[in-house]
Amino acid sequence: MNVPFLCWFLSDQLTIPFIYFHANSPADYSLDSGQDVIFTNVRVNEGQGYDTKTGIFTVSVPGLYVFTVQYYVGSSTSAGLAIAHRGIQIQANFMQLASGNYVTSSTQVFVRAAMSDQIWVEII
């Protein structure tokens, strides 16, 4: 009988912080393969995990995170982005310009991240 009470008591005392950010406007639109994308316009940075100088998100609370990137191919003929975690591209997306039209694409990934892990977007 004490176990349900103890579990309820502990869960009632836990506080789960909200960690999220929304950034756009790359500092450079003509990056080469392997370069990191640095977004300069940060609309929200709850938890202060996103660094506008490096473009890297550093985990301050371990857990399951979701990252989404949306981009378009304008005057270029192709473009590719990857979401990287611990130096490994874990989700990549490549788009090719079709018939002179602008093409929009997005990619999303769920990441189980540990304290101090780093996640960023890079050009492929």
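These legends walk through several close-up views of one predicted model.

Residues are numbered from 1 along each chain as its sequence is written, and side-chain values use heavy atoms, with hydrogens and water left out. Because the model is predicted, local features need pLDDT of at least 70 and side-chain atom pairs count only at pLDDT 80 or more, while totals for chains, interfaces and linings use all residues.

**View 1**
Let's start with the overview: the secondary structure comes to one helix and nine strands, in the sequence pattern α-β-β-β-β-β-β-β-β-β. Helices (H or I, at least four residues) and strands (E, at least two) are DSSP runs, numbered from the N terminus. The chain has 124 residues, and 31% of them count as buried; buried means under 20% relative accessible area, exposed over 50%, and partly exposed in between, with a 1.4 Å probe and protein chains only. Among the contacts with a separation of 6 or more, 58% are between residues 24 or more positions apart, where contact means heavy atoms within 4.5 Å.

**View 2. Confidence along the chain.**
Here pLDDT is the predictor's confidence in each residue, from 0 to 100. The chain averages 85, and 84% of the residues score at least 70. Confidence is lowest in helix α1 (residues 2–13), with a mean of 50, and highest in β4, at 97. For residues 1–7 the pLDDT is below 50, and this stretch has zero contacts in the model beyond near neighbours in sequence.

**View 3. The open sheet of five strands.**
The strand order is β3-β4-β9-β6-β7, and the pairing is antiparallel. Two strands pair if DSSP finds at least two bridges between them. At the edges sit β3 (50–51) and β7 (88–96), each of which pairs on one side only. As a reminder, strands of a sheet pair through backbone hydrogen bonds, either parallel or antiparallel.

**View 4. Strand β6 and its two partners.**
Strand β6 (residues 78–85) runs antiparallel to β9 (residues 118–123), joined by five bridges. β6 also pairs with β7 in the antiparallel sense, over eight bridges. A82 stands opposite E122 in β9. β6 and β7 form a hairpin with two residues between them, and R86 in the turn has a positive phi of about 55 degrees. Six of the eight residues of β6 are buried, so this strand is largely enclosed by the rest of the structure.

**View 5. The aromatic cluster.**
One cluster takes in F21, Y50, F57, Y65 and F67, and the whole structure holds five aromatic pairs. Rings of Phe, Tyr and Trp (its six-membered ring) pair if their centres lie within 6.5 Å; planes under 30 degrees apart count as stacked, over 60 as edge-to-face and the rest as tilted. F21 and F57 are stacked, at 5.3 Å centre to centre and 20 degrees between the planes. That pair links distant parts of the chain, with F21 in β1 (residues 20–26) and F57 in β4 (residues 56–58), 36 residues apart. F21 is partly exposed at 28% relative accessibility, whereas F57 is buried at 2%. The rings of F57 and F67 lie 5.6 Å apart by their centres with planes at 65 degrees, so they form an edge-to-face pair. F67 is in β5 (residues 63–73) and F57 in β4, so this pair ties together parts ten residues apart in sequence.

**View 6. The largest nonpolar core.**
A nonpolar core is a set of buried Ala, Val, Leu, Ile, Met, Phe, Trp, Tyr and Cys residues joined through side-chain atoms within 4.5 Å. The largest one has 22 residues, of which F57, Y65, F67, L81 and I119 touch the most other members. At least two residues come from each of β5, β6, β8 (103–113) and β9, and β5 gives the largest share, five residues. Leaving aside neighbours within four places in sequence, the contacts of F67 include F21, F57, I83, V109 and I119.

**View 7. K53 in its loop.**
K53 is found in the loop between β3 and β4 and is exposed, at 73% relative accessibility. K53 and I38 are 15 residues apart in sequence, with 7.1 Å from C-alpha to C-alpha.
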